[in-house]
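I wanted to work through this structure helix by helix and keep a record of what I looked up. These are my notes, in the order in which I made them.

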Amino acid sequence: MGSAIGLRGDYDGTALRRLARASKSANQARRLLALAEIYDGASRTTAARIGGVGLQIVRDWVERFNDRGPDGLLDGKAPGRQSLLNDTQRQALALIVESGPIPSIHGVVRWRLIDLVQWLHDEFAVSLDETTVGRELKRLGCQSASKRDPLSACKRGPLGGVALGLMPGADFALGLA
């Protein structure tokens with residue numbers, strides 16, 4: 001059986017309790033208090049009981065604390081899912097929306113999200129939902145258009161003079177900014 005990983009030497013139990021008291025994160029405070037017990041000579045099992053976790057989690061906390069100090073015990077944000085469109089595909093989408101559809105080629109006079117979904121599938125073999133395409137367009141600088149006045153939501157787009165307003169399942173309103 002291996003030996004326990006030692007804690008950093010630049011902190012002690014009192015300092016960790018002081019940091020836990022000042023912390024705005026309840027999870028960080030709980031982790032600091034558990035590690036303070038280890039500094040004071042308690043077993044890792046006791047620290048795990050105080051922290052409400054298992055021994056492996058306490059070991060992970062010790063490693064994070066040793067690497068990054070008290071900030072290593074803060075909850076991190078999960079990276080989330082990677083985008084289904086790469087930069088080249090996103091630029092092509094922005095250009096096709098900015099230039100507008102050609103009725104004889106695209107078969108539509110105005111882009112709708114469902115038309116763009118189909119175009120992305122035909123061009124890049126990427127299957128996306130209308131909501132996802134709308135989210136990508138919003139990330140490119142598009143805003144929701146009002147049903148009454150579709151040109152009111154148009155802003156200057158990321159590619160220059162033309163911007164678009166959109167609503168899921170609705171037509172795109174294109175206007176010059």
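After α8 comes Gly-141, which has a positive phi, near 110°.

A note on what I am reading: this is a predicted model, in which local features need pLDDT of at least 70 and side-chain atom pairs count only at pLDDT 80 or more, while totals for chains, interfaces and linings use all residues. Residues are numbered from 1 along each chain as its sequence is written, and side-chain values use heavy atoms, with hydrogens and water left out. The helices are DSSP runs (H or I, at least four residues), numbered from the N terminus.

Next I looked up the nonpolar cores, each a set of buried Ala, Val, Leu, Ile, Met, Phe, Trp, Tyr and Cys residues joined through side-chain atoms within 4.5 Å. The largest has 17 residues, and those with the most contacts inside it are Leu-93, Ile-96, Leu-116, Leu-120, Val-133 and Leu-137. Two or more residues each are given to this core by α5 (87-99), α7 (113-124) and α8, with the largest share, five residues, coming from α7. Another core, of 15 residues, lies apart from it and has Leu-16, Ala-29, Ala-36 and Val-58 among its members.

I then turned to helix α1 (residues 13-22) and helix α2 (residues 26-39), whose axes come within 8 Å and cross at roughly 170°; axes are lines fitted to C-alpha atoms, for helices over the stretch in contact, and angles run from 0 to 180 degrees between N-to-C directions. That makes α1 roughly antiparallel to α2, a label for angles over 145 degrees. Among the residues in contact (heavy atoms within 4.5 Å) are Leu-16 and Ala-20 in α1, and Ala-29 and Ala-36 in α2.

For α3 I noted the buried residues Ala-47, Ala-48 and Gly-51, which line one face of the helix because they fall within an arc of 100° seen down its axis. What covers these buried residues includes α2 and α4. Helix α3 (residues 44-51) packs against helix α4 (residues 55-68) at an angle of about 95°, with the axes 9 Å apart. The two are therefore roughly perpendicular to each other, the class for 65 to 115 degrees. After α3 comes Gly-52, with a positive phi, near 70°.

Last, I checked His-106, which is found in helix α6 (residues 103-106). Is His-106 buried or partly exposed? At 24% relative accessibility, His-106 counts as partly exposed, the class between the buried and exposed cut-offs. Leaving aside residues up to four places away in sequence, I listed Ile-96, Pro-101, Trp-111 and Trp-119 as the residues that His-106 touches. The C-alpha atoms of His-106 and Trp-119 are separated by 8.3 Å, although the two residues are 13 residues apart along the chain.

How values were computed:
Parallel < 35°, antiparallel > 145°, perpendicular 65-115°, else oblique. Buried < 20%, exposed > 50% of the residue type's maximum accessible area, 1.4 Å probe, protein only. Arc of directions from axis to C-beta.
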